[in-house]
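Q: Could you walk me through how the features of a model like this one are read, taking each general idea and then its case here?

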Amino acid sequence: MPIFEYVCKECDHQFEALVYGGNKAECPKCLSKKLAQQLSVFAMSAKGSASASPSMGGCGSCGDPRGPGACSMPDMD
């Protein structure tokens with residue numbers, strides 16, 4: 001089941017919706033079907049991950065998955 005992110009063109013409400021087959025999503029706030037689909041960020045969780053803290057993004061310089069400052073590359077600012 002794909003989940004999509006939308007912004008309602010009538011009331012500007014942002015929401016996510018599961019879309020089945022050929023069905024169309026509607027705004028849960030005003031029930032409008034005039035929606036703008038947003039680009040979704042693909043997220044995965046590691047199976048069996050024991051981390052309770054939110055994960056950080058990769059290093060901005062090299063993309064090291066341990067996060068900003070984890071690599072030894074100098075800042076490029």
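**Reading burial, sheet and side chains**

A: We may begin with burial: Ser32 is buried, at a relative accessible area of 11%, where buried means under 20% relative accessible area, exposed over 50% and partly exposed in between, with a 1.4 Å probe and protein chains only. This is a predicted model, in which local features need pLDDT of at least 70 and side-chain atom pairs count only at pLDDT 80 or more, while totals for chains, interfaces and linings use all residues. Residues are numbered from 1 along each chain as its sequence is written, and side-chain values use heavy atoms, with hydrogens and water left out.

Q: Where is Ser32 found, and with which residues is it in contact?

A: Strands (E, at least two residues) and helices (H or I, at least four) are DSSP runs, numbered from the N terminus; Ser32 belongs to the loop between β2 (14-18) and β3 (35-38). Contact means heavy atoms within 4.5 Å, and once neighbours within four places in sequence are left aside, Ser32 is in contact with Cys8, Glu10, Glu26 and Cys27.

Q: How many disulfides does the structure hold?

A: A disulfide is a pair of cysteine sulfur atoms within 2.5 Å, and the structure holds zero of them. Cys11 is in no disulfide, its nearest cysteine sulfur being that of Cys27, 3.7 Å away; that separation is too far for a bond. As for accessibility, Cys11 is partly exposed at 28%, whereas Cys27 is buried at 0%.

Q: In what order do the strands form the sheet?

A: Two strands pair if DSSP finds at least two bridges between them. Here three strands form an open sheet in the order β2-β1-β3, with antiparallel pairing, and β2 and β3 are the edge strands, each pairing on one side only. Four bridges join β1 to β3, and Val7 stands opposite Ala36 in β3.

Q: Which residues does Ile3 touch?

A: Ile3, which lies in strand β1 (residues 3-8), touches Glu16, Ala17 and Leu18 when residues up to four places away in sequence are not counted. The C-alpha atoms of Ile3 and Ala17 are 5.5 Å apart, although 14 residues separate them along the chain. With 47% relative accessibility, Ile3 counts as partly exposed.

Q: Which residues form the aromatic cluster?

A: Rings of Phe, Tyr and Trp (its six-membered ring) pair if their centres lie within 6.5 Å, and planes under 30 degrees apart count as stacked, over 60 as edge-to-face and the rest as tilted. The structure holds two aromatic pairs, and Phe4, Tyr6 and Phe15 form one aromatic cluster.
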